[in-house]
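Reader: I would like to go through some of the labels used for this structure and hear what each one rests on.

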Amino acid sequence: MKAKYITVVLAFSVFFTSCGLTGGNAVKPYEVEDLMMGTVITQRIYGENAELAAELVSERMKEIEERMTVNSPGGEINALNEAAGEKSVALSPDTFFVIEKALQFSQRSGGAFDITVEPLVKAWAVNTDNPRIPPREEIDRLKASIDFRDVLLYEDKSAAMLKNKGQAVDLGAIAKGYAGDEALRIYRENGIKSAYVNLGGNVVVLGSKPDGSPWKIGIQDPRGSIGEYMGIATVADKAVVTSGDYQRYFESNGTRYHHIIDPETGYPADSGLISATVITELSIDADALSTAAFVLGPKEGMELIGAMEGVEAIFITRDKKVHITPGLNESFKLNDESGEYQYAQEG
Ligand code: AMP
Ligand code: MG
């Protein structure tokens, strides 16, 4: 299901509502909302050229969506999936880059992150109006086809092929991350110094706020209503990306079935985490790592994050314990009126 491409210009009217954290600054952003990549994309841009930059970013995101969305007619991922087991398919540098990155994160996460999870994503259909619990035999059969090593990349001819018939890729866990980086690249190229873009929960900020103070990004309370935060991260020039079991899910007999699949079990990941936020410079990295960490769980997820330079994380476990990397000691604050969330006792 593809979201219709619409642009709503909200310039000079909305003032940091979704962020909920007004800086008390008189400078107002140029604000645009697009319905794309299956979500709402909000851009808030300061300074001259804001309108032009916003337009260029909207166009670029539409292009990325068309290339990378599963089942997008004429799209590259669509073509790759249709040619599985048969032939290689030419890819734009965009799609090639995103797949190459995805495979690196698969390696790093020991397969917790795996774009070949598509057949299982389709079987569960969590992102659709008709989700279902597939029978165990079906899960076992589909699970056997999941293997990121079967995505063959041909750098010389910028092409890719899926080794076996029935295999398919889904870039849903990484494409929005890439789009966030592209937004920042376009802002910079247009002389923008300060901007905020939110792609359905993937937040990326350029520079600081116009008054020079860092951005304050609310971290969604995974059991609260939308816009209710359990903490605040203070950042500049960073991506803040969260994977959570509350973003897309259905319930059956009191059990929650969410959209992030553990390739090892074929079921929605049950690692003990209900939310994994990753903060780092590139939003493509933050996007892949937050999904990977969500599948791996608190212990292995922290090991994955800790092994990388300049990557910070906030994990929330099912029992509402909050784990943060040491680099966030100063820049993350619990802001939870209910007092439900508490730092985990380490060690
Ligand atoms: P995110 O919200 O970034 O964590 O991405 C979740 C989306 O990525 C899902 O809706 C699926 O389309 C896809 N996906 C689900 N499980 C995985 C996984 N283990 N590795 C990579 N992509 C996945
Ligand atoms: Mg992701």
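Author: β2 and β3 form a hairpin with two residues between them, and Met37 in the turn has a positive phi of about 50°. This is a predicted model, in which local features need pLDDT of at least 70 and side-chain atom pairs count only at pLDDT 80 or more, while totals for chains, interfaces and linings use all residues. Residues are numbered from 1 along each chain as its sequence is written, and side-chain values use heavy atoms, with hydrogens and water left out.

Reader: What makes β2 and strand β3 (residues 39-46) a pair?

Author: Two strands pair if DSSP finds at least two bridges between them. Seven bridges join β2 to β3, and the strands run antiparallel. Val40 in β3 is the bridge partner of Leu35.

Reader: Why is strand β2 called mostly covered?

Author: Buried means under 20% relative accessible area, exposed over 50%, and partly exposed in between (1.4 Å probe, protein chains only). Five of the seven residues of β2 (residues 30-36) are buried.

Reader: Are Ala173 and Thr291 buried or partly exposed?

Author: Ala173 has a relative accessible area of 24%, so it is partly exposed. Thr291 is at 10%, so it counts as buried.

Reader: How do you know that α7 is largely enclosed by the rest of the structure?

Author: 14 of the 14 residues of α7 are buried, so the label holds. Helices (H or I, at least four residues) and strands (E, at least two) are DSSP runs, numbered from the N terminus.

Reader: What lines the second largest cavity?

Author: Val121, Trp124, Ala125, Val126, Asn127, His259 and Ile261 line it. The second largest cavity has a volume of about 40 Å³. On a 1 Å grid over the protein atoms alone, a cavity is a set of points where a 1.4 Å probe fits but cannot get out, and lining residues have an atom within 4 Å of a point.

Key: Chains are lettered from A and ligands numbered from 1 in the order in which they are written. On a 1 Å grid over the protein atoms alone, a cavity is a set of points where a 1.4 Å probe fits but cannot get out, and a pocket is an open set with protein on both sides within 12 Å along at least five of seven lines; lining residues have an atom within 4 Å of a point. Grid points are joined across faces, edges and corners, and a volume is the space filled by probe spheres set on the points.
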